[in-house]
Amino acid sequence: MRKYRDLYFTTATILNWHPLFASDTNKDIVIDAFRYCVVQKRANVWAFVIMDTHIHMIWHILSPYTLSGVRRDMLKFISQTIKNKMVADGQLEALDVFKVKKSDRYIQIWKRNPLSVEILYDDVLEQKLNYIHTNLFRKGKDDVSYKYSSAGYYASGERNWDFL
């Protein structure tokens with residue numbers, strides 16, 4: 001029998017693996033989006049890591065909201081905020097890597113169809129937590145001291161983010 005409902009492991013990737021989140025300012029926009037989802041009682045964030053080119057997270061979508069709606073709104077907020085900031089800062093050339101020829105948009109930040117896998121059991125939850133919290137380590141970096149991850153919280157119990 002399943003243990004969890006509406007709990008998901010989600011990965012969203014920047015189009016063409018462009019390192020948009022190399023900037024802490026852009027990572028902070030993702031953090032703001034996580035915080036908004038929690039404050040508005042749309043989702044609870046259980047774990048996350050923000051890599052330069054993508055994000056991984058485990059989140060529980062709260063009723064009456066749906067995964068597709070919350071995910072869509074969050075990713076749209078992140079992309080619109082980053083795009084508007086780049087325009088305001090005069091970084092128009094930097095937006096060139098995101099230009100697409102689509103009937104409904106001319107700029108696309110996210111790769112289409114982010115991956116979301118429903119987590120039903122403890123063993124899958126543990127595997128996904130481990131995957132998220134060792135992502136940087138596999139790239140030769142220290143996960144626990146990395147600011148934009150929940151790894152430090154899981155390692156020490158110290159709440160380094162108000163939305164976890």
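**Entry 1, helix α2.** I looked up the buried residues of α2 and found L67, G69, V70, R71, M74, L75, I78, S79, I82, K83 and M86. I took buried as under 20% relative accessible area, with a 1.4 Å probe and protein chains only. The model is predicted, so I kept local features only at pLDDT of at least 70 and side-chain atom pairs at pLDDT 80 or more, while totals for chains, interfaces and linings use all residues. Residues are numbered from 1 along each chain as its sequence is written, and side-chain values use heavy atoms, without hydrogens and water.

Helices are DSSP runs of H or I with at least four residues, strands are runs of E with at least two, and both are numbered from the N terminus. The cover over the buried residues of α2 includes β1 (7–13), α1 (24–39), β2 (43–50) and β3 (54–61). After α2 comes G90, with a positive phi near 75°.

I read a pocket as an open set of points on a 1 Å grid over the protein atoms alone, where a 1.4 Å probe fits, with protein on both sides within 12 Å along at least five of seven lines; lining residues have an atom within 4 Å of a point. Its lining has 18 residues, with K76, S79, R105, Q108 and W110 nearest the centre. Which helix gives the most to this lining? I found that α2 does, with seven residues. I also noted that β5 (105–107) supplies at least two.

A hairpin joins β4 to β5 through two residues. In this antiparallel arrangement, K99 stands opposite I107 in β5.

Conventions:
Pairing = 2+ DSSP bridges. Buried < 20%, exposed > 50% of the residue type's maximum accessible area, 1.4 Å probe, protein only. Contact = heavy atoms within 4.5 Å.
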